[in-house]
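Take a walk through this fold with the coordinates open.

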Amino acid sequence: MNPFVLGGNQRALRSESMAPGGNVYQDVTESRAALADYGVKSANVEGRNGPRLCGSVGGRPGMASNSAVHELLECPVCLNVMCPPIHQCPNGHTICVVCKSKVQNSCPICRQELGNIRCLALEKVAESIELPCKYHFYGCQDILAYHSRMRHEENCKYRGYNCPYAGAECLVTGDIPFIVAHLKADHNVDMHDGCSFNHRYVKPNPHEIENATWMLTIFNCFGYQFCLHFEAFHLGTAPVYMAFLRFMGDENDANKFSYSLEVGGNGRKLKWQGIPRSIRDSHKSVRDSLDGLIITRNIALFFSGGDRQELKLKVSGRIWKEQS
């Protein structure tokens, strides 16, 4: 079991995956489908804090401006198209503002000190031409003017997704096939096929609740992937557990699905039904909006039975596609 690390403290929490029939898997790897079963292909990846390009609303497919001009605007370090402010060294070599801070104020071409010289002529050129969206490698066909391009790229449907792993901040972004491969290879998440599930969550000491989370689980269902989160935190001063589902894709596609979560014991039952949130919404924003199944610690211990000294919760769920 590889628990998340939050706030520098490792939380040793066990999650036992159960088949719909109720049998506990003895080894997580037995329940994981091969990567090929998820249709994962190689994909590009970009850092969340990567270079900012110029590019938006009202874009149009077509041919961009002259390729020689594009070469003129290409940053020699990151190879992306530069947008204002564009800096230059005393010898006229240019560099984008993001890379300027990375080269320790030394020109990457001639090693002269960069200083704060702006290339105003090239900035005017950048503002006057149309350029493709920086996500054209992901499939965006829009050609946009400088002033609309940045607004477009902030909301482009082809932009990369942030890794949904919630235990420690992960800066990896990419398309969905890449993110699925990354979760499997780098975060060792549980992966399952099917649209219904039973999961058992166990914690030996339920009084240690602050910022604890269980291993992320990914479900392959209807040709899409869904993330099941289960964690413990304080809601005000009250310790609670929360389970919720996120959709690995855009909000428009997420709204085509619904899901239910159910937990119970001793002849009692709690049920939640909702719409999965897109992973465009951060894990924290979904959790803080309380958009999921919330269980107080006292109820969770009551459902666990026994001497109330160990948390043993079985969460079952189902995902379905709404009729269009």
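Contact here means heavy atoms within 4.5 Å. Leaving aside its neighbours within four places in sequence, leucine 313 is in contact with His199, Arg200, Tyr201, Phe230, Val263, Ile295, Ala300, Phe303 and Ser304.

Some ground rules come next. This is a predicted model, in which local features need pLDDT of at least 70 and side-chain atom pairs count only at pLDDT 80 or more, while totals for chains, interfaces and linings use all residues. Residues are numbered from 1 along each chain as its sequence is written, and side-chain values use heavy atoms, with hydrogens and water left out.

Now the overall picture. The protein chain has eight helices and 22 strands. These are DSSP runs numbered from the N terminus: helices are H or I with at least four residues, strands are E with at least two. Of the 324 residues of the chain, 46% count as buried. Buried means under 20% relative accessible area, exposed means over 50%, and partly exposed lies in between (1.4 Å probe, protein chains only). The accessible surface of the protein chain comes to about 16100 Å². Carbon and sulfur atoms own 48% of that surface. Areas come from the Shrake-Rupley method with a 1.4 Å probe, and for residues only the protein chains shown count as cover.

In soluble globular proteins, nonpolar side chains tend to be buried together.

Which residues of helix H8 (297–304) are buried? They are Arg297, Ala300, Leu301, Phe303 and Ser304. They cover an arc of only 160° around the axis, which puts them on the same side of H8. The arc is that of the directions from the helix axis to the C-beta atoms. These buried residues pack against strands S17 (238–247), S18 (257–265), S19 (268–274), S21 (293–296) and S22 (311–321). Just after H8, glycine 305 takes a positive phi of about 70°.

Strand S22 also has a partner in S13. The two pair in the antiparallel sense over eight bridges. Two strands pair if DSSP finds at least two bridges between them. Asparagine 198 has serine 316 in S22 as its bridge partner. Six of the eight residues of S13 (196–203) are buried, so the strand is largely enclosed by the rest of the structure.

A search of the whole structure finds one disulfide, that is, a pair of cysteine sulfur atoms within 2.5 Å. Cysteine 195 and cysteine 221 form it, with their sulfur atoms 1.9 Å apart. The link is right-handed, with 105° about the S-S bond. It joins distant parts of the chain, 26 residues apart: cysteine 195 sits in the loop between strand S12 (190–193) and S13, cysteine 221 in strand S15. Cysteine 195 is partly exposed at 22%, whereas cysteine 221 is buried at 1% relative accessibility. Cysteine 140 has its closest cysteine sulfur in cysteine 133, 3.8 Å away and too far for a bond. Cysteine 140 is buried, with a relative accessible area of 6%.

Next, helix H4 (146–155). Its buried residues are Tyr146, Ser148, Arg149, His152 and Glu153. Their arc is only 145° around the axis, which puts them on the same side of H4. The face turned away carries the exposed residues His147, Glu154 and Asn155. Cover for the buried residues of H4 includes helix H3 (120–128), strand S8 (130–132) and strand S9 (142–145).

Finally, some backbone details. A cis peptide bond joins proline 84 and proline 85, with omega about 0°. Proline 85 is in the loop between helix H1 (67–72) and strand S6 (86–88). Glutamine 104 lies in the loop between helix H2 (97–100) and H3. Its phi is near 55°, a positive value in a residue other than glycine. Glutamine 104 counts as exposed at 73% relative accessibility. Asparagine 105 has a positive phi of about 65°, but is partly exposed at 23%.
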